[in-house]
Amino acid sequence: MITVSDSAKNKIFELRSKEGKSNNNNIRVSVQGGGCSGLMYDLDFDSEIKERDEVFEDKGVKILVDKKSLLYLLGTTLDFSDGLNGKGFQFVNPNASRTCGCGESFSV
């Protein structure tokens with residue numbers, strides 16, 4: 001399961017509205033090779049649910065994850081921060097053994 005913090009939920013709804021996306025535009029979270037720690041998170045709007053997707057819903061946010069990425073993301077919380085230490089979406093991933101300073105890449 002992937003969960004969403006209240007601040008991430010609010011920002012997702014704000015961005016979806018600002019970009020003119022409908023409620024059919026869900027959040028797609030995936031993991032790709034790259035970044036300074038070996039794996040990178042990818043986050044985007046997507047209206048297509050693919051056959052091999054797992055679908056989670058938390059706080060009214062539908063999250064789409066392909067099965068390969070799900071292995072790295074189980075138990076992750078999507079958060080959003082706009083504080084002094086940075087602004088943006090952050091992944092609180094219990095599977096990550098190491099993360100880079102920017103929080104956009106990790107290793108297991």
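The model is predicted, so local features need pLDDT of at least 70 and side-chain atom pairs count only at pLDDT 80 or more, while totals for chains, interfaces and linings use all residues. Residues are numbered from 1 along each chain as its sequence is written, and side-chain values use heavy atoms, with hydrogens and water left out.

The buried residues of H1 are Ala8, Lys11, Ile12 and Arg16. They lie on the same side of H1 because they cover an arc of only 135 degrees around the axis, the arc being that of the directions from the helix axis to the C-beta atoms. An α-helix has 3.6 residues a turn, so residues three or four places apart point the same way. H1 has 13 residues and reaches 18 Å from its first C-alpha to its last, close to the 18 Å expected at 1.5 Å a residue; the expected span is 1.5 Å times one less than the number of residues. Gly20, with a positive phi near 70 degrees, follows H1.

The chain has two helices and nine strands, in the order β-α-β-β-β-β-α-β-β-β-β from the N terminus. Helices (H or I, at least four residues) and strands (E, at least two) are DSSP runs, numbered from the N terminus.

The largest nonpolar core has 19 residues, and those with the most contacts inside it are Ile12, Val29, Ile63, Val65 and Leu73. Such a core is a set of buried Ala, Val, Leu, Ile, Met, Phe, Trp, Tyr and Cys residues joined through side-chain atoms within 4.5 Å. Among the elements that give two or more residues to this core are H1 (6–18), E2 (26–33) and H2 (67–73).

| Residue | Element | Relative accessible area |
|---|---|---|
| Ile27 | strand E2 | 5% |
| Ser30 | strand E2 | 10% |

Contact means heavy atoms within 4.5 Å. Leaving aside neighbours within four places in sequence, Ile27 is in contact with residues including Ile12, Leu43 and Ile63. Ile27 and Ile12 are 15 residues apart in sequence and 8.3 Å apart in space, C-alpha to C-alpha.

Notes. Buried < 20%, exposed > 50% of the residue type's maximum accessible area, 1.4 Å probe, protein only.
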